[in-house]
Amino acid sequence: MSKTETWKGPDEIAAAVARMASDLRALIEARGLRDLLMIGIHTGGVWIADRLHDQLGLSEPLGHLDISFYRDDFTRIGMHPQVRPSYLPVGIDDRHLILVDDVLQSGRTIRAALNVLFDYGRPASVVLATLAERTGRELPIAPDVVGFHAQLEANEQIKLSGPEPLVMLRGRIPKGSAAAASRQGIDDGSSGRDSTPRQERP
């Protein structure tokens with residue numbers, strides 16, 4: 001991604017996360033959800049999930065997923081991912097899950113994350129929360145809770161940089177370099193710097 005500029009700064013992101021936490025509380029109450037487990041998708045989704053987890057005061061530890069090899073376009077786009085272990089602190093059978101990602105674009109990252117989760121077990125329900133959703137959906141997947149809505153051109157991308165501070169960047173992708181963009185971690189479900197602690201699956 002070239003010619004990047006700051007789209008949302010740390011204060012705007014903090015305010016969006018606070019709104020997301022409030023919306024999640026309302027959704028949890030309306031649906032009567034109990035025994036919740038929050039799971040972030042590496043990398044940016046873990047950064048956002050960590051903040052939401054604290055604000056909601058959830059009792060179970062935060063889980064996280066790496067979905068690199070589960071994407072259905074993995075071989076086509078030629079990704080060279082930095083693989084991180086997935087970690088779920090408890091079993092997910094019959095549990096209500098909150099799945100968190102940073103940017104929802106095509107929907108393929110979320111589809112991959114659901115495939116990973118169903119390899120672990122069968123949850124009772126999955127709520128999707130994303131910091132941002134943008135135009136360009138390729139699959140019928142939509143967030144239940146979202147912080148920002150981005151109307152972007154086809155050659156534009158947004159990505160989360162962090163974790164301290166969290167900044168949402170916006171930039172253009174040079175023509176013919178979509179695969180290169182994916183390798184650089186610009187597609188939905190991946191982000192800039194990564195200092196997330198790595199935990200193994202129990």
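Biologist: Let's start with helix H4. How many residues has it, and how far does it reach from its first C-alpha to its last?

Modeller: H4 has 13 residues and spans 19 Å from the first C-alpha to the last, close to the 18 Å expected at 1.5 Å a residue. Keep in mind that this is a predicted model.

Biologist: Okay, and which residues in H4 are buried?

Modeller: Arg108, Thr109, Ile110, Ala112, Ala113, Val116 and Leu117. The cover over the buried residues of H4 includes S2, S3, S4 and S5.

Biologist: Which strands does H4 lie across, and at what angle does it run to S4?

Modeller: H4, residues 108-120, lies across S2, S3, S4 and S5, and runs at about 150 degrees to S4.

Biologist: Tell me about the sheet, then. What is the order of its strands?

Modeller: The order is S3-S2-S4-S5-S6, in an open sheet of five strands with parallel pairing. S3 (63-65) and S6 are the edge strands, each pairing on one side only. On average, neighbouring strands in this sheet are turned by 25 degrees against each other, ignoring direction.

Biologist: How many bridges link S5 and S6?

Modeller: Five bridges, in the parallel sense. Among the partners, Ala132 is bridged to Phe148 in S6, and Glu133 is bridged to His149 in S6.

Biologist: So S6 pairs on one side only. Is S6 largely enclosed or left open?

Modeller: Largely enclosed by the rest of the structure, because five of the six residues of S6 are buried. Helix H1 also lies across S2, S4, S5 and S6, running at about 135 degrees to S6.

Biologist: Pick a residue in S6 for me. Is Ala150 buried or exposed?

Modeller: Ala150, which sits in S6 (residues 145-150), is at 3% relative accessibility, so Ala150 counts as buried. The cut-off for buried is under 20%.

Biologist: What is Ala150 in contact with, leaving aside neighbours within four places in sequence?

Modeller: Trp7, Glu133, Arg134, Thr135 and Ile158. Take Glu133: it is 17 residues from Ala150 along the chain, and their C-alpha atoms are separated by 6.2 Å.

Biologist: Switching topic: what does the chain's secondary structure come to?

Modeller: Five helices and eight strands. Read along the sequence, the pattern is β-α-β-α-β-α-β-α-β-β-β-β-α. Of the 202 residues, 54% count as buried.

Biologist: What about the inside? Which residues have the most contacts within the largest nonpolar core?

Modeller: Leu24, Met38, Ile48, Leu52, Leu131 and Met168, in a core of 34 residues. At least two residues of this core come from each of H1 (10-31), S2 (36-41), H2 (44-56), S4 (96-104), S5 (125-134), S6 and S7 (156-161). H1 gives the largest share, eight residues. There's also another core apart from it, with 17 residues, including Leu65, Leu104, Ala113 and Leu128.

Biologist: Now the loops. Where are the cis peptide bonds?

Modeller: One joins Gly162 and Pro163, with omega about 10 degrees. Another joins Glu164 and Pro165, with omega about -5 degrees. Pro163 lies in the loop between S7 and S8 (167-172), and Pro165 is in the loop between S7 and S8 too.

Biologist: Which loop holds Asp35, and what is its phi?

Modeller: Asp35 is in the loop between H1 and S2. Its phi is positive, about 50 degrees, although Asp35 is not a glycine. Asp35 is exposed, with a relative accessible area of 59%.

Terms used:
Residues numbered from 1 in each chain as written. Predicted model: local features only at pLDDT ≥ 70, side-chain atom pairs only at ≥ 80, totals over all residues. Heavy atoms only, no water. Helix = DSSP H or I, 4+ residues; strand = E, 2+ residues; numbered from the N terminus. Buried < 20%, exposed > 50% of the residue type's maximum accessible area, 1.4 Å probe, protein only. Contact = heavy atoms within 4.5 Å. Core = buried A, V, L, I, M, F, W, Y, C linked by side-chain atoms within 4.5 Å. Pairing = 2+ DSSP bridges. Axes fitted to C-alpha atoms, helices over the stretch in contact; angles between N-to-C directions. Expected span 1.5 Å × (residues − 1).
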